[in-house]
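The sequence and structure come before the details.

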Amino acid sequence: MTRGIAALLAFALAQGTASGNGGFRDVTRDAGVTFVHHAAPEKKFIVESMSGGVALFDYDNDGRLDIYFVDSLTVDTAGDPKQARSALYRNLGGFKFVDVTDKAGVGHPGWGMGVCTADVDADGWEDLYVTGLGGNALYRNNHDGTFSNVTERAGVTGGGWSAGCGFADYDRDGDLDLFVSRYVKVDLKQLPQFGRDKTCQYRGVPVQCGPRGLEGESDFLFRNEGNMRFTAVAAQAGVADPSGSFGLGVGWFDYNEDGWPDLFVANDSGANFLYLNQKNGTFKDVAFPMGVAVSQDGAEQGSMGVAVADFDNSGHFGILATNFSEEYNSLHRNEGQHFTDVSFKAKIGAISLPFVGWGTAFFDYDNDGFLDLIAVNGHVYPQLDKVKLGASAGYRQRKLLHHNRGDGTFEEVAAKFGDTMIEERVSRGLAIGDLDDDGRLDIVTNDLDGAPQIIRNEIADAGNWLLVRLKGRGVNTGAIGAVVTARAGSLVQKRLVQSGSSYISQEDKRLHFGLGKAEQVDSLEVLWPDGTTTAMKNVKVNQRIEIPQPQ
Amino acid sequence: MRTAARVLALLLMLGVAAQADALRQAQGKQQASRATVLQRAQQELTSGRRVEAKRLLTDAADRFRSVQALLLLSRVQSEDGDAAGALESLRKARRLAPNSEEVLSAFAQMSLAAGAPVPAVVTLDALKRMSPSVMQYHYLLGVALMRVGDRLNAVGALQAAEQLEPNRALTLLALGIAHNSLQQYAEAKSVLSRAVELDRGNADTLAALAEAEQGLGELEAASKHVQQVLAGAPQHATANLVAGLVAMDRSQYAEARAALERAVQTDPLLFKAHYQLSLACGRLGDEVAASRYLEQYRQTLRGVQKMIDELRMATGPMGTDSVRR
């Protein structure tokens, strides 16, 4: 009898420790990260439910990824911007971080939402763009651990309630332009009253109003005129969204591989946009004909986050959009001429139905050569816990971690990695990057309520890897928009350098390739944003390399 | 009638015997004449003189404020295809007897039949609370909620109906359809397989099962079941929709277009078919048709959204599956 119980215990322990392969570990506290995102406990207003993003970027050029968390105010603290303090953590190595916010000058007092980064002024140092309610901010990197707020001079204040952002060279003039999505119109002095009528109820319980029933905001496109000055061109470019959809996640990528960056915008409670770059400074929304505007049954979804990747190693970039509960996360395979919704076939659809999805990313966590998928979740109504849940998860929700089986399907495996991955939280932003440069991708989240999570990837039996940093020539020093193709045996993988992705967040811009048992990368080809290419042969695995664009 | 009864009681209380007697006699006469009129209406109906029957029932309803007459009148109007008239009769009956289960039940069923699911939902929700053990109310509520697009609450109502009376093929079919609409294809397949066992010849059940199978990527099984349905009912909306979806999955866009066009011909409110049709036409290079179907899709979607908004304003405490949608 005792032996039987012992055997059961041993089995349970084995299950709880990620099948003995190390798994993921929450190291937030040990890492010295004490940031806490502020939010009103009851979320009586929609403006209190949507923040905030997180960025992984190397602000001090020391080769290590640093972390920036965006904070927000509440309606009660709106009059005192200093009540919100976004935070920059410098990576000291060895998973130790130190808060350098005050020295860097990026505490960003005010109502923060999202973040994206890029070397906007082409000086080789990453700059920081933070979106929010009542104006955005561009922080220029001073190369000495400090930033200067150059927003007004640059002309990228925006205004209203901005959410997602991303830099890309849409007009291919060499410099980086900026798209900013906006959500709903908010007047803090005239907020729709909590639970005021039947449109502000959820299953009979009074909740915050919106976004349906509220007026949406148009979006911004800022064209870089050089010398750190931008011009608002959304209307003339055809991406202004005059009808005011509820814009959130943003993903720049060249879906039709014509060399010109296109743009996907995730809209809450409405059809998404896929803007086709018409190569003349204008765009055309082709989301419907391409099959990425709505769900496969034609229903508008509440889309939040965006991940773009060649998840099936087909050579084409597909799209994942996270959605509201009772709406599946939509996985669109790029067929070349159009997209096909493969959410259910790929087995990520049904399992996502109870969750409100936010940050999301494709990443090869076990380095087997196939991109896995993560989505972080959390509802918008704390009041939900008081009512019968039906098909929904509660207010706090666990993560979804989908392991790519390499056959077009995914298996949801979060539970195999124990508490770190299945702890119920109210997550929003998510960014993936290799924080300790060990070739295993780590996870950082920004939660609406409370502390963020820094999750260290400690998978012991992960495959070989390669981490590629691109150095563009000319103005786009980060090579944003570049695509790298790695061939290793039968594995052919494609990665994209992106500014802005997930849910209003910024991922590591270095490109990570999981290589399984491959001993070398047979060929590595870089397609630079200007259309030129660089090829390399027989690259050693398990190393970080930098590829400069030839002059 | 109630006023008369109150006056009578008052007169008796006051001891005004003569007047009370007179009033009692008048009431008795009135009841007798009401019974006579209803009896005559029934006879006219039996003899096939429906117009005269309706006239008598309308007269009885007006003169005696008779709920019975109004219920019978609505039934006759409904049988004659006058749904609006039937609903109006039931509305009058509801005003006279707002708490009558019989009246409420008739009103809800008539509303559903007349294509007015919002009042049906409100009424059935009240009935469900009045008589929680009556399976029919939960079932009808589920059906009505599906009609207004409130899929999540529909599943709840239908599951309650299934618990009260297990293994009823109709309930399982409705539950399967509701699961399908929520893309809960595994759950849908499970209940629909049971429904097929219980009612093998039902084309709707087979088509819904095929839809679940298509959602699960089981294209062969879906195709087989669709063909079974279409052999007997070539215009079946759901079967054609699934045939179209299977063809889309197989990149057979011309076949998809043909099947989806049949689906929307049969059921113009099937916005999923309109949407997929726009995709099929686009992939065939027929941009004009793609735009046309896209517009039809948008119009249908707007109509459904309007209905959901209406329901939201009407039901309140019941809520809908999500205020964000």
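In which sense do strand β31 of chain A and β37(A) pair, and over how many bridges? Strand β31 (residues 464-471) and β37(A) pair in the parallel sense, over six bridges. The model is predicted: local features need pLDDT of at least 70 and side-chain atom pairs count only at pLDDT 80 or more, while totals for chains, interfaces and linings use all residues. Residues are numbered from 1 along each chain as its sequence is written, and chains are lettered from A and ligands numbered from 1 in the order in which they are written.

**Confidence**
- The model has an ipTM of 0.87 and a pTM of 0.86.
- Chain B has an average pLDDT of 87, and 86% of its residues score at least 70; pLDDT is the predictor's confidence in each residue, from 0 to 100.
- In chain B, residues 316-325 have a pLDDT below 50, and this stretch has 35 contacts in the model beyond near neighbours in sequence (two residues are in contact if their C-beta atoms, placed from the backbone, lie within 7 Å).

**Three-stranded sheet, chain A**
- Strands in the order β34-β31-β37 form an open sheet with mixed pairing (strands pair if DSSP finds at least two bridges between them; strands are DSSP runs of E, at least two residues, and helices runs of H or I, at least four, numbered from the N terminus).
- Its edge strands are β34 (511-516) and β37 (543-548), each pairing on one side only.
- Neighbouring strands of this sheet are turned by 25° against each other on average, direction ignored.
- R469(A) stands opposite E546(A) of β37(A).

**Four-stranded sheet, chain A**
- The order β20-β21-β22-β23 describes an open sheet of four strands with antiparallel pairing.
- β20 (303-309) and β23 (339-341) each have a single partner strand, so one side of each is left without a neighbour in the sheet.
- From one strand to the next, the twist averages 20°.
- β21 (residues 318-323) and β22 (residues 330-334) run antiparallel and are joined by three bridges.
- L320(A) stands opposite L331(A) in β22(A).

**Helix pair, chain B**
- α14 (residues 237-249) packs against α16 (residues 271-283) at an angle of about 35°, with the axes 11 Å apart (axes are lines fitted to C-alpha atoms, for helices over the stretch in contact, and angles run from 0 to 180 degrees between N-to-C directions).
- The contact involves L241(B), G244(B), L245(B) and M248(B) of α14(B), and K272(B), A273(B), Q276(B), L279(B) and A280(B) of α16(B).
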